[in-house]
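The following questions and answers are meant for a reader who meets this structure for the first time. Please view the sequence and the model alongside them.

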Amino acid sequence: MPTIRPVARRLVILGSTGSIGTQALDVVARSGGELEPVALSADSDWRALVRQAEDHGVRRIALASPDAAAQASEAWTGGEVLAGPDGLVELVTESGCDIVLNAIVGSAGLLATVATLGEGIDLALANKESLVVGGELVMQLAEATGAQIVPVDSEHSALHQLIAAERPGTIERLVLTASGGPFRGYTHRQLEQVTAEQALAHPTWTMGGKITIDSATLMNKGLEVIEAHHLFGTRYEQIDVVVHPQSIVHSFVQLCDGASLAHLGYPDMRVPISYALHHPGRVDVPVDPLDLVAVGALTFEPPDLDAFPCLRLAREAGMTGGTAPCTLNAANEVAVHAFLSGRLAFVAIPAVIEETLSLIEVSRLHSFDALTEADAQARTFAAELVARRAAA
């Protein structure tokens with residue numbers, strides 16, 4: 001009898017030229033036709049995006065930058081080029097896709113998340129800011145439309161798999177692991193002297209600039225705590241963080257009977273990407289099987305909240321709720337950009353965030369418009385604080 005091939009799963013990749021996006025395309029290329037990319041997007045790197053479209057037979061692309069989109073339209077005749085936020089929404093809603101991988105960096109990814117879930121399309125979520133900024137509204141939207149959210153972060157992918165195997169009510173605690181970043185063990189005094197080049201040298205993962213700095217400040221782990229709260233409906237008091245420099249244990253859960261279950265593996269983002277894109281199935285991924293004898297030892301330690309207060313600030317903002325996480329995220333994006341451009345010291349990143357949070361009144365989260373207003377206000381305040389520090 002002839003072999004019946006499964007119908008290809010039509011896929012949109014947003015942020016396809018970044019670290020997650022390029023690894024996702026590697027997963028697609030190895031899928032044997034089970035995944036079919038139908039649309040791609042990027043921020044401004046139109047040349048790389050066009051190359052990806054040509055390599056994967058994609059005929060619709062979008063660029064957040066209108067100037068970059070104009071250049072792509074002039075240079076590429078192989079398909080349609082969309083521009084700006086409206087173009088990104090059109091790319092998603094008119095693609096006829098089965099799943100969207102949102103790998104856009106920062107709060108800019110929220111619009112794509114809302115567009116995807118609003119259409120009832122399943123979402124592979126690598127943009128943690130979508131849940132940090134608008135988690136309550138995003139989860140309500142997914143429930144209303146029946147769309148699934150499968151996380152792509154290695155920690156949340158691990159938790160997703162561990163939780164799925166348990167009956168409701170059996171899980172007592174979620175524990176996210178953190179590598180500790182390039183400055184693990186540094187004191188506050190030592191951190192006063194670090195440079196952007198040092199902060200970008202992550203010991204384990206290869207990521208974009210913003211996420212790498214977030215990892216160095218431990219803000220990335222703070223954002224993941226908020227994300228886990230929304231994804232799994234878990235109270236903040238039941239979510240812990242431990243520093244695990246080997247990055248072998250991606251997360252673990254503690255159960256009501258005293259047992260703990262962990263998800264282990266060598267750090268390779270293609271594993272959680274493949275899990276999200278093929279869910280609920282699994283396929284081969286070309287990674288080495290874990291050899292615990294070769295690893296030798298797994299170590300764990302508590303995070304240093306005095307040297308790295310961003311983790312504390314994120315947890316506090318999450319517990320406050322309303323627009324506080326949105327304010328936190330916006331101030332962080334402004335501060336990280338200022339650090340990368342040499343206008344702000346590393347240790348001033350949490351200082352700007354904390355002061356912004358203290359200056360802005362928290363409002364209830366009643367609509368996505370409220371998020372837009374809170375985001376804009378926080379960016380204005382944070383930019384003013386950065387400017388004052390730069391002038392001092």
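**Questions on the predicted model**

Q: Is L298 buried, partly exposed or exposed?
A: The model is a predicted one. The relative accessible area of L298 is 30%. Buried would require under 20% and exposed over 50%, so L298 is partly exposed.

Q: Where in the chain does L298 lie, and which residues make a nonpolar surface patch with L298?
A: L298 is placed in the loop between α13 (292-295) and α14 (310-320). The patch has an area of about 470 Å². Besides L298, the residues that make this patch are L264, Y266, L290, L292 and F300.

Q: How does the radius of gyration of the chain relate to that of a compact globule?
A: For 392 residues, a compact globule would have a radius of gyration near 21 Å. The C-alpha atoms occupy a box of roughly 65 × 55 × 40 Å along the principal axes, and the chain has 17 helices and 11 strands. The radius of the chain agrees with the globule value, being 21 Å.

Q: What share of the residues in the chain is buried?
A: The chain exposes about 17500 Å², of which carbon and sulfur atoms supply 51%. A residue counts as buried when its relative accessible area is under 20%. Of the 392 residues, the buried share is 52%.

Q: Which residues are linked into a cluster by ring pairs?
A: The structure holds 3 aromatic pairs. F183 and Y186 form one that is tilted, with 5.1 Å from centre to centre and 50° between the planes. The rings of F183 and F346 have centres 5.2 Å apart and planes at 80°, so this pair is edge-to-face. The cluster consists of F183, Y186, F339 and F346.

Q: How many residues apart are F183 and F346?
A: F183 is in the loop between β8 (171-178) and α8 (188-191), and F346 is in the loop between α15 (324-340) and α16 (348-359). Both F183 and F346 are buried. Their pair links distant parts of the chain, with a separation of 163 residues.

Q: Which helices are linked by the salt bridge of K221 and E155?
A: The side chains of K221 and E155 meet at 2.9 Å, N to O. K221 counts as buried because its relative accessibility is 6%, and E155 is buried at 9%. This pair links distant parts of the chain, 66 residues apart, in helices α11 and α7.

Q: Which helix holds both D214 and K210?
A: D214 and K210 form a salt bridge, their closest N and O atoms being 2.6 Å apart. Both residues are buried. They are 4 residues apart, about one turn of the helix, and that helix is α10.

Q: How far apart in sequence are the parts tied together by R312 and E354?
A: The side chains of R312 and E354 meet in a salt bridge of 3.6 Å, N to O. R312 lies in helix α14 and E354 in helix α16, so the parts tied together are separated in sequence by 42 residues.

Q: Which residues does D375 contact, leaving aside its neighbours within four places in sequence?
A: D375 belongs to helix α17. At 16% relative accessibility, D375 counts as buried, since the limit is under 20%. Its contacts beyond those neighbours are S107, C326 and A330.

Terms used:
Residues are numbered from 1 along each chain as its sequence is written. This is a predicted model: local features need pLDDT of at least 70, side-chain atom pairs count only at pLDDT 80 or more; totals for chains, interfaces and linings use all residues. Side-chain values use heavy atoms; hydrogens and water are left out. Patches are made of residues with over 30% relative accessible area and no salt bridge: like charges are joined within 9 Å, nonpolar side chains (Val, Leu, Ile, Met, Phe, Trp, Tyr) within 5 Å. Accessible areas come from the Shrake-Rupley method with a 1.4 Å probe; for residues, only the protein chains shown count as cover. A salt bridge is a side-chain nitrogen of Lys or Arg within 4 Å of a carboxyl oxygen of Asp or Glu. Helices (H or I, at least four residues) and strands (E, at least two) are DSSP runs, numbered from the N terminus. Buried means under 20% relative accessible area, exposed over 50%, partly exposed in between (1.4 Å probe, protein chains only). Rings of Phe, Tyr and Trp (its six-membered ring) pair if their centres lie within 6.5 Å; planes under 30 degrees apart count as stacked, over 60 as edge-to-face and the rest as tilted. The radius of gyration is taken over C-alpha atoms; the globule rule is 2.2 Å times the number of residues to the power 0.38. Contact means heavy atoms within 4.5 Å.
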